[in-house]
Amino acid sequence: MSQQPPVPAGGGGEFLHAFLLDPARHSPGAPAVIESARAGRITTTTYAELGTLVDRYAADLDALGIETGARVVLESGATAHSLALLLACSRAGLAFIPVSPEIPQQRLLSIVATARPALHLQPPDGARTDLPDSVGTARFGPTGLTVERAPERRTPRRRVPCATDPAYIIFTSGTTGRPKGVVMSHRAVIAFYRGMLAHRIATPEDRIAATSPLHFDFCLLTIGLALGSGAGVVPVPQGLVRWPRHLLRVLRETGATQVHGVPSIWRQTLRHEPERLAALDRLRGILFCGEEFPLPELRSLQRLRPDARIINCYGATESMACSFKEVPNPLPDTVERLSIGIAHPGAEMLLVDGDGAVVEKPGLPGEIHLRSPALFSGYWDDPAATRSALVPDPLCPQSGQLVLRTGDLAVQGANGEFFFHGRTDSQVQINGNRVELGELERQLAEFPGATAATAMALPQPEGGLQLAAFVVLTAEEGARTAPAEVRAFCARALPPYMVPQDIYLLDRLPTTTNGKVDRAALAETAGAGRPGTAPA
Ligand code: 8PZ
């Protein structure tokens, strides 16, 4: 992470694969992906090898005769092969849908029913079975694709892939109770990558650790930053990220120079392995996103890594990200809130007040609206949700231009920088994962005998937020239900990070004097573990 690196800064291609593979064509022997297996073995895939894998997978995909523009579910962690596959999908004119191997079957089936993919791909050790017959299935590995059930061959309409076609769709928590598919086009993601690469955050010498899973767009940012700069990606297996010693071992063995991850990846490491963290001699850069970094933890990290360049990256899946801001190291004691900076080159953040007027004065709150060439195309098959997120440009509504209404509140400082001030709605971030409390509440309400349910994200003494659910059951069900059953019910339908840690079975939900659910009283109930309530 030097100041003026000779960065290739992305290729000229208009499609994801061309843009990301181009910069390294002059250094085919450079490492593109560096992986660390459990036994401490390091495997390096060079750019030339990655290119060969992409060619092979693209040829295998082509041979299946899937229609251009069809969707492919990629159920995998981040590896050299899954990375090659997403580039191969781009090459073959197919949109990939990354999903976690931990996704409950019910949720995957709901995504499949919505997105109607032609193909489902998983690694040789993938455990997914029982997908509808309409979906082809295959495994990917060193010998290419092994087809289990051939996808339906559709009469090709000879459509030419276009840069406005979807490159990928990421399914995220949705208020209506079904996951929302954020559709990103090649043009949008490349516009974002160009803005990001202009910051010159990486050089070809960097090895950038991706600690976020492939289905979280933060991982796609890391891939874009690394490949777009001719650097190497170090995908950290999800099973290791939560274990400080393993995480630090991978970082040490792979010679990681940057680590990308949500703030919570540092919590346990700071507490249990500060010396090992301080001893990582190649680490120069830390990039975080997804939520505010608790300042005491950030200051501890800075004390251990006084030489590290720490970057606060802000944005939503609907535009991947939109601003980067380097955190002063050390952070002055007077700082109470981190700046999220200003939008990337070529994009602009605006604040809009409750009356729809653009907020011009520093210090006054407004909702962030993003004008950018990197905006998503819409939510898959959900025009109503799309209309409420992509709204007329408040600066010139007549123009027909749409901007992203983020749902994030912010104020601007005197020098134009933005400071994040929470949400306008009930979306929360749990360890960097986006959760709509409304979606969790809908699931809780489906529990047999549930008559009312409220979900909250409550601050924990050790830092971070945790989900708590308050459920009222009929007297009959209440008498025979244990809170753990409600939790298991949620775990069957929701990803692990959306499953509430604490479940309280109550006789009724407390209300305020104007009849609303009294969330303060519920938080107090949770804090006190009051008699008559039953945390699981
Ligand atoms: C934040 C911040 C922040 C997001 N401070 N709140 C990917 C790659 C780089 C940067 C950002 C991304 C995002 N796409 C990651 C992400 O969290 N996406 S999300 O759609 O799941 O959630 C977006 C929301 O998270 C934002 O609208 C904010 O509310 C919050 N958020 N970054 C404070 N740096």
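This is a short tour of the structure, stop by stop, with something to select at each one.

Before you start, know that this is a predicted model, in which local features need pLDDT of at least 70, side-chain atom pairs count only at pLDDT 80 or more, and totals for chains, interfaces and linings use all residues. Residues are numbered from 1 along each chain as its sequence is written, and side-chain values use heavy atoms, with hydrogens and water left out.

**Stop 1: the domains**

Colour residues 49-161 as domain 1, 348-423 as domain 2 and 427-528 as domain 3. These bounds come from an automatic or database domain assignment. Taken over C-alpha atoms, the centres of domain 2 and domain 3 are 31 Å apart.

**Stop 2: the cores**

Next, select Y193, L221 and L227. They have the most contacts inside the largest nonpolar core, which has 122 residues. A nonpolar core is a set of buried Ala, Val, Leu, Ile, Met, Phe, Trp, Tyr and Cys residues joined through side-chain atoms within 4.5 Å. Buried means under 20% relative accessible area, exposed means over 50%, and partly exposed lies in between (1.4 Å probe, protein chains only). In soluble globular proteins, nonpolar side chains tend to be buried together.

Which residues is Y193 in contact with, leaving aside its neighbours within four places in sequence? Show L16, F19, L20, L220, L221, G224 and M320 to see them. Contact here means heavy atoms within 4.5 Å.

Now move to L437, L444, V471 and L473, which are included in a second, separate core of 24 residues.

**Stop 3**

To find the largest cavity, select F192, H344, A347, S372 and A374, the closest to its centre of the 14 residues that line it. On a 1 Å grid over the protein atoms alone, a cavity is a set of points where a 1.4 Å probe fits but cannot get out, and lining residues have an atom within 4 Å of a point.

Helices (H or I, at least four residues) and strands (E, at least two) are DSSP runs, numbered from the N terminus. By class, the lining has nine nonpolar, five polar and no charged residues. Ala, Val, Leu, Ile, Met, Phe, Trp, Tyr, Cys and Pro count as nonpolar, Asp, Glu, Lys and Arg as charged, and the others, Gly among them, as polar.

**Stop 4: helix 11**

Select residues 295-304. The buried residues of helix 11 are L295, E297, L298, R299, L301 and Q302. They pack against several elements, including helix 9 (267-272) and strand 14 (309-314).

**Stop 5: E477**

Is E477 buried or exposed? With a relative accessible area of 18%, E477 is buried. You will find E477 in helix 14 (residues 475-480), and it touches P448 and G449, not counting residues up to four places away in sequence.

**Stop 6: backbone details in loops**

Zoom in on N329 and P330: the peptide bond from N329 to P330 is cis, with omega near 5°. P330 sits in the loop between strand 15 and strand 16 (339-341).

R200, in the loop between helix 5 and strand 10 (207-210), has a positive phi of about 50° although it is not a glycine. R200 is partly exposed, at 32% relative accessible area.

Finish at D381, in the loop between strand 19 (378-379) and helix 12 (383-389). D381 has a positive phi of about 50° and is not a glycine; at 55% relative accessibility, D381 is exposed.

Definitions and conventions. On a 1 Å grid over the protein atoms alone, a cavity is a set of points where a 1.4 Å probe fits but cannot get out, and a pocket is an open set with protein on both sides within 12 Å along at least five of seven lines; lining residues have an atom within 4 Å of a point.
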